[in-house]
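Q: Here is a structure with several labels attached. How does each label follow from its cut-off?

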Amino acid sequence: MMAKSNDLTDSKNIAQPPTQPSPSRTFYRRTLPSSLTSFSSFEGKEIFASAMSTGGTSAFFSLIEQLQTQPEPAYCGLTTLVIILNALAVDPRRSWKGPWRWYEESMLNCCVDLDLAKETGITFSTFACLAKCQGLDVHAVHGSDSTVEEFRQIVKQTCTHQKLPSSFLVISYTRKVLGQTGTGHFSPIGAYDEASDNVLILDTARFKYGPHWVPLELVFEALIPEDPDTGKSRGYAVLSYDGKQDEISNPDTCHRCNSHLPLSVLFGSKQNDSLRKEFKDFLESLLPNVTLSSVISFWTKDRTNDNYIWELVQPQLQPVDSADVDMVTSLRRLLKGLIARKQSDMPSALLLTWQWMNINNGNKSDVGCPPGGSCCTPSPNNGSVRTLEISPGEALYIVYLASLSKEQRRDIVFEDGTDVEMRIGVDDTVREQLLAEAALVSYAIETCDWDV
């Protein structure tokens, strides 16, 4: 006891770090409304047994292996996506901790400012964008664009029609409709019991509510209320990683069904919807005459800021997998060859390769930014982080491709011409990856005003 007393006494003479203000009230969970059924209750176990007997738990086991509690009160959307990505065994192509590659929330920074997400969460459209940027197929439907019977069919298809789950259902809903506290929320659907017409919500806010069964029609009602941030209803999304999304897409109600894209190995898209919208309007004013010179002019502010492009995209981390290392090398060789064909349009100063920042215990490296430029800061990722060394010109060329139609992109990337010296020695896999890089940037631009 004396030692403890002495430690306390000595600490009074040592400067203490500022303490965070304590909330005036604290809570330990919430009581589940009587209209809902706790998964761990006797009734909840009976419903689960019924669902098991009719094959309604095909999605459950893959999801329950990855179920986790959201690390921030407003991270329900990010944590839900992390659960789905890990359940689908998607390789994030970047380190989590040590040698291990595994998804966690800080990696989801392509369509969202993580600091802002901690405060306000994300919208339904941003969730769809984030999922798309991780290479998933996305079938997203606003509740107001669907019917309860269409929703029931989607529930059955994702929860009961899969021997080996390759797609999962996520709902964005209003808690108040379920009689719960709070407003908007995201969670995966883990199971469906046809006998009682109940779905199992695997709530990511486990500090508040554990997994629980909810009548399907009540869940659908919770998808309908308008999100005050967007002026649109919330909804449901089916996420898959096998390229077969069209089998369960309804073209009459789904306006955001997208084909499968691989993960980017070069860039991530930054959240800057206002800037993307400005560029989208700029492109529309140019159609059909979009040129590399016009794209360069916009993203360098008429050559007054050669690093303005980094407000739209940011280089990925250096790859750890040998196949990805080879892909990056081949992609840059392809880019170099394509840019050479547009040499008169690409100022040589934009092709100077420079390194953004070497994050080492939070400090900048000794490698400087280009003359007249300022380094952009990538999101730290659990220790030392080193981004790809990519020039603004390479980024600008991919944005140029993203500004064109799919057909125009393919013609440019696959056209080698008759001049042997101008042929680029890469295989079609590399060319397809470059098209995917451009398609991901194009998608981020296309979706910038979904919530407007």
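**Labels against cut-offs**

Q: Why is Lys-156 called buried?
A: Its relative accessibility is 17%. Buried means under 20% relative accessible area, exposed means over 50%, and partly exposed is in between (1.4 Å probe, protein chains only). So Lys-156, at 17%, counts as buried. This is a predicted model, where local features need pLDDT of at least 70, side-chain atom pairs count only at pLDDT 80 or more, and totals for chains, interfaces and linings use all residues. Residues are numbered from 1 along each chain as its sequence is written, and side-chain values use heavy atoms, with hydrogens and water left out.

Q: What makes Glu-194 and Lys-156 a salt bridge?
A: Their closest N and O atoms are 3.4 Å apart. A salt bridge needs a side-chain nitrogen of Lys or Arg within 4 Å of a carboxyl oxygen of Asp or Glu. The value of 3.4 Å is within 4 Å, so the pair qualifies. Glu-194 sits in the loop between β4 and β5, Lys-156 in helix α7, 38 residues apart. The helices (H or I, at least four residues) and strands (E, at least two) are DSSP runs numbered from the N terminus.

Q: Is Glu-194 buried or partly exposed?
A: Partly exposed, because its relative accessible area is 48%.

Q: How do you know that Asp-197 and Arg-152 form a salt bridge?
A: The closest N and O atoms are 2.8 Å apart. Asp-197 lies in the loop between β4 (184–193) and β5 (198–201), and Arg-152 in helix α7 (residues 148–159), so the pair ties together parts 45 residues apart in sequence. Both Asp-197 and Arg-152 are buried. They also belong to a network of salt bridges linking Glu-149, Arg-152, Asp-197 and Glu-217.

Q: What makes Asp-91 and Arg-101 a salt bridge?
A: Their side chains meet at 2.7 Å, N to O. Both residues lie in the loop between α4 (76–87) and α5 (114–120), so the bridge ties together parts 10 residues apart in sequence. Asp-91 is partly exposed at 32%, and Arg-101 is partly exposed at 30%. The whole structure holds 11 salt bridges.

Q: Why is Arg-175 called buried?
A: Its relative accessibility is 3%. Arg-175 is found in the loop between β3 (167–174) and β4.

Q: What makes Arg-175 and Asp-203 a polar contact?
A: Their side chains are joined at 3.0 Å. A polar contact is a pair of N or O atoms within 3.5 Å; within protein, one must be able to donate a hydrogen and the other to accept it, and residues adjacent in sequence count only if both atoms are side-chain atoms.

Q: What volume does the largest pocket have?
A: About 820 Å³. Of its 35 lining residues, the closest to the centre are Ala-74, Thr-120, Gly-121, Ile-122 and Gly-184.

How values were computed. On a 1 Å grid over the protein atoms alone, a cavity is a set of points where a 1.4 Å probe fits but cannot get out, and a pocket is an open set with protein on both sides within 12 Å along at least five of seven lines; lining residues have an atom within 4 Å of a point. Grid points are joined across faces, edges and corners, and a volume is the space filled by probe spheres set on the points.
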